[in-house]
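Hello,

Here is the structure you were going to look at. My notes on what turned up in it follow below.

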Amino acid sequence: MKIGLFSFGGGYAMIPLIQKEIESHGWLSASEFVDIIAIAEMTPGPIAVNSATFVGYRAAGILGGLVATTGVAIPSLVLILIVSKFFFKFQHYPANKMMFYGIRPVIVGLIFTAAVFVAQTAFFKQEAGYSNILSNPLSVIDIKSIFIFGLSLIGLVKFKINPILIIILSGILGLILKIL
Amino acid sequence: MKSQLKLLIEIFITFFKIGSFTFGGGYAMIPLIEKEVVENKKWVTPEEVVDVFAVAQSMPGAIAINSSTFIGYKISGKKGAIVATLGVILPSFLIITLIAIFFSKFQNAPAVEAVFSGIRPAIVGLISFAAVKVSKTSIVDRTGLILAILSILLVVIFDIQPIFIILGGAAIGLAIYHLSPKSTSKILSNGGNKN
């Protein structure tokens, strides 16, 4: 609960907090913790919820998982309920409108930034490092990923395929490309 | 009463679906919200989605939970908020509990890594496409375009925390409001960036 309350800015902001709290309680070892983050990233759902559930389970079984998940969600729920009440009340004030005139474009920027950060792990071969990027780009850039990225864009723009279907298909494609 | 129950069930199912397919953190949710909540159900408008993420990112807590709660509240008040939050959390809880019980070496399985190597680049495509879509209603003039580009540069190159970027955007909007009534009335008469 304490973790849910103090993590501004999404799942990754939570990781250091979770780590500190867990260490002070002795619930998990450092390497177990790294495993949990990896699993939280690889399973669907908010990373913060995933890792909280996992830590809770390891510390105290299914009930622990349940308590940890609830704990991480409740501060959000309460705070957002309060905020949304005011938000919709003041939505039409000119000052407020002007504030969002400034905020909306930066949010678009932040969404693009999220794409850039995912691209960094998706398009580059981690083990190769970035030093050869100019002399030998093919050794660093993962061609298969660029191919899947291109396909997903074509699917979205031209054929208007549902994003959920795109995620499923790209997962299958990843598996097929690996076997080939 | 009956129709409200139906709506709540619909909200729950929609967010359960979103929770089941959000890979890699809060922003990866945006393409799904855009499709399911904006386009299919028409519960919120494209520009409201951007506002939702502004608030979700500025408040403590996971962005995915914050935005689900917020959208749920917008659709159907407190009950909607609770149902949407439960919906988005439940898939995580179930999947993680199963993994924790059965496969503790889950992430080392080559098949899982292969599936993921396919999903990750597709997520890049999905998020960028969603960003382009919301930019159409959120960036209405040159000022907006400059702000968007500036925010990308500040985060990617200078590693500035998103919360400061949002505060900066708010400050610029308010500064225009206080310093230049002329451009304010021009912006607002064009519908701001819509509302």
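The place to begin is the contact of H5(A) with H3(B), where A:Phe100, A:Ile103, A:Arg104, A:Ile107, A:Val108 and A:Leu110 on the H5(A) side meet B:Glu47, B:Val50, B:Asp51, B:Phe53, B:Ala54 and B:Gln57 on the H3(B) side. By class, these residues are eight nonpolar, one polar and three charged. Please keep in mind that this is a predicted model. H3(B) covers residues 46-58 of chain B, and its axis lies 9 Å from that of H5(A), at an angle of about 85°. An angle from 65 to 115 degrees counts as roughly perpendicular, so H5(A) is roughly perpendicular to H3(B).

From H7(A), the residues involved are A:Ser145, A:Ile148, A:Phe149, A:Ser152, A:Leu153, A:Leu156 and A:Val157. They meet B:Ser117, B:Gly118, B:Arg120, B:Pro121, B:Ala122, B:Val124, B:Gly125, B:Leu126 and B:Phe129 in H5(B). This contact divides into 10 nonpolar residues, five polar and one charged.

Both pairs belong to the interface between the chains. In total, 86 residues of chain A are in contact with 99 residues of chain B. On the chain A side, the elements giving two or more residues are H1 (2-6), H2 (11-25), H3 (30-42), H4 (47-90), H5 (94-123), H7 (143-157) and H8 (163-179). Which helix of chain A gives the most to the side that touches chain B? H5(A) does, with 27 residues. The residues of chain A on that side are 57 nonpolar, 23 polar and six charged.

As for the chains themselves, chain A has eight helices and zero strands. Of its 180 residues, 41% count as buried. Among the contacts in chain A with a separation of 6 or more, 32% are between residues 24 or more positions apart.

For chain B, the domain assignment gives domain 1 as 2-136 and domain 2 as 139-195. The centres of domain 1 and domain 2 of chain B, taken over C-alpha atoms, are separated by 26 Å.

Regards

Methods: Residues are numbered from 1 along each chain as its sequence is written. Chains are lettered from A and ligands numbered from 1 in the order in which they are written. This is a predicted model: local features need pLDDT of at least 70, side-chain atom pairs count only at pLDDT 80 or more; totals for chains, interfaces and linings use all residues. Two residues are in contact if their C-beta atoms, placed from the backbone, lie within 7 Å. Helices (H or I, at least four residues) and strands (E, at least two) are DSSP runs, numbered from the N terminus. Ala, Val, Leu, Ile, Met, Phe, Trp, Tyr, Cys and Pro count as nonpolar, Asp, Glu, Lys and Arg as charged, and the others, Gly among them, as polar. Domain bounds come from an automatic or database domain assignment. A residue is buried if 20 or more other C-beta atoms lie within 10 Å of its own, exposed if 12 or fewer, and partly exposed in between; C-beta atoms are placed from the backbone. Axes are lines fitted to C-alpha atoms, for helices over the stretch in contact, and angles run from 0 to 180 degrees between N-to-C directions. Angles under 35 degrees count as roughly parallel, over 145 as roughly antiparallel, 65 to 115 as roughly perpendicular and the rest as oblique.
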